[in-house]
Amino acid sequence: MGNRVAREDFEWVYTDQPHADRRKEILAKYPQIKSLMGPDPRLKWIVCTMVAVQFLAFYLVKDLPWKWVLFWTYVFGSCINHSMTLAIHEISHNTAFGNNRAKWNRWFAIFANLPIGLPYSASFKRYHLDHHRYLGGDGVDVDIPTDFEGWFFCTRLRKLFWIMFQPLFYAIRPLCINPKPISQLELVNVAIQLTFNALLYWSWGAKPLVYMMMGSMLGMGLHPISGHFIAEHYMFLKGHETYSYYGSLNLLTFNVGYHNEHHDFPSIPGRRLPMVKEIAAEYYRDLPCYTSWVKVLYDFIMDDELSPYSRVKRRLTGDIKQE
């Protein structure tokens with residue numbers, strides 16, 4: 001558990017990200033893929049149902065003994081809250097109401113944020129689009145760990161703790177790598193979320209609040225679904241910076257596992273990404289992929305060649321337009 005990882009820096013490259021060129025090639029060969037773009041009419045109803053289910057769970061846990069509150073927090077609450085964060089990921093690409101109703105998507109994301117407890121939907125939108133535009137971009141893409149994370153979390157035990165506290169690092173990282181002025185919508189997001197949290201505590205007590213907040217922290221920490229954080233872009237094979245996952249947990253995560261397909265076509269809703277893989281099969285069949293996020297987590301912790309430094313990074317040139 002004390003072996004140190006061999007890597008001492010990121011994998012610096014001097015080429016552009018692969019997704020833009022592949023997107024052009026695929027659209028030239030299969031123009032029908034454009035028909036998959038646009039909003040998913042089911043998404044808003046699925047999200048509303050998930051919010052309602054969590055509201056019901058808040059009511060049901062208020063009278064449970066603490067041991068059962070904690071049990072259901074990890075077994076159920078963590079799953080649905082992590083799934084809700086990926087619904088917000090979907091909404092950030094305007095797939096709930098379309099590009100013509102961008103504001104509707106922003107407000108709907110704040111609504112979807114309510115049962116998560118942590119006000120982040122407005123900030124996530126601003127940083128996530130930079131991640132797509134400038135994948136691996138030094139000083140811009142906050143999905144890339146900091147130098148401190150790469151240097152310190154370099155043993156198996158430290159990597160385990162790093163994964164357990166992923167939500168904390170994702171929250172702090174933008175302030176270290178690419179701080180931005182706080183927007184009005186972010187302030188509104190915080191105000192609405194804190195008001196909701198206070199009302200929840202005032203109405204039903206501490207147990208629903210603990211269920212909600214701990215569910216979010218546990219679901220994005222050491223949890224099978226959180227394997228996608230590592231699986232998406234950590235360089236398990238040299239020369240590959242994005243990986244897809246084709247396992248059953250896609251059913252709970254809006255197909256976020258189809259990550260090569262998603263980065264190639266971010267405007268296509270998750271529900272239609274399997275159709276991209278089916279239509280343009282020759283572009284994806286030979287790319288490395290995963291079938292188990294649990295195995296990804298295990299391999300990342302146990303493999304002494306892997307660490308937070310195992311990311312492709314590039315220095316950006318030219319005009320950089322951020323959100």
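Biologist: Leaving aside neighbours within four places in sequence, which residues is T146 in contact with?
Modeller: T146 is in contact with F10, R173, C176 and I177. Contact means heavy atoms within 4.5 Å. This is a predicted model, so local features need pLDDT of at least 70, side-chain atom pairs count only at pLDDT 80 or more, and totals for chains, interfaces and linings use all residues. Residues are numbered from 1 along each chain as its sequence is written, and side-chain values use heavy atoms, with hydrogens and water left out.

Biologist: Where is T146 found, and is T146 buried or exposed?
Modeller: T146 is found in the loop between α5 and α6 (147-152). T146 is buried, with a relative accessible area of 14%. Buried means under 20% relative accessible area, exposed is over 50%, and partly exposed is in between (1.4 Å probe, protein chains only). As for the element names, helices (H or I, at least four residues) and strands (E, at least two) are DSSP runs, numbered from the N terminus.

Biologist: OK, new topic: salt bridges. How many does a search of the whole structure find?
Modeller: The search finds 14. A salt bridge is a side-chain nitrogen of Lys or Arg within 4 Å of a carboxyl oxygen of Asp or Glu.

Biologist: Which residue does R22 form a salt bridge with?
Modeller: R22 pairs with D264, and their closest N and O atoms are 2.7 Å apart. R22 lies in helix α1 (residues 19-29) and D264 in helix α12 (residues 259-264), so the pair ties together parts that are 242 residues apart in sequence. Both R22 and D264 are buried.

Biologist: And what about K313 and D138, how do their side chains meet?
Modeller: K313 and D138 meet in a salt bridge, at 3.3 Å from N to O. K313 lies in strand β4 (residues 312-313) and D138 in the loop between α5 and α6, so this pair ties together parts that are 175 residues apart in sequence. K313 is buried, with a relative accessible area of 9%, while D138 is partly exposed at 34%.

Biologist: Got it. Which residue does D304 form a salt bridge with?
Modeller: That's R156, with the closest N and O atoms 3.1 Å apart. D304 lies in the loop between α15 (293-302) and β4, and R156 in helix α7 (residues 156-164), so the pair ties together parts that are 148 residues apart in sequence. D304 counts as buried at 19% relative accessibility, and R156 is buried with a relative accessible area of 19%.

Biologist: Let's switch to helix α9. How many residues does α9 have?
Modeller: Helix α9 (residues 184-204) has 21 residues. From first C-alpha to last, α9 reaches 30 Å, close to the 30 Å expected at 1.5 Å a residue. That expected span is 1.5 Å times one less than the number of residues.

Biologist: Which residues of α9 are buried?
Modeller: E186, N189, Q193, F196, N197 and L200 are buried. Seen down the axis of α9, the buried residues fall within an arc of 100 degrees (taken from the directions from the helix axis to the C-beta atoms), so they line one face of the helix.

Biologist: What do the buried residues pack against, and which residues are exposed on the other side?
Modeller: The buried residues of α9 pack against α2 (43-61), α4 (102-113), α5 (121-133) and α10 (206-219). On the other side of α9, Q184, L187 and W202 are exposed.
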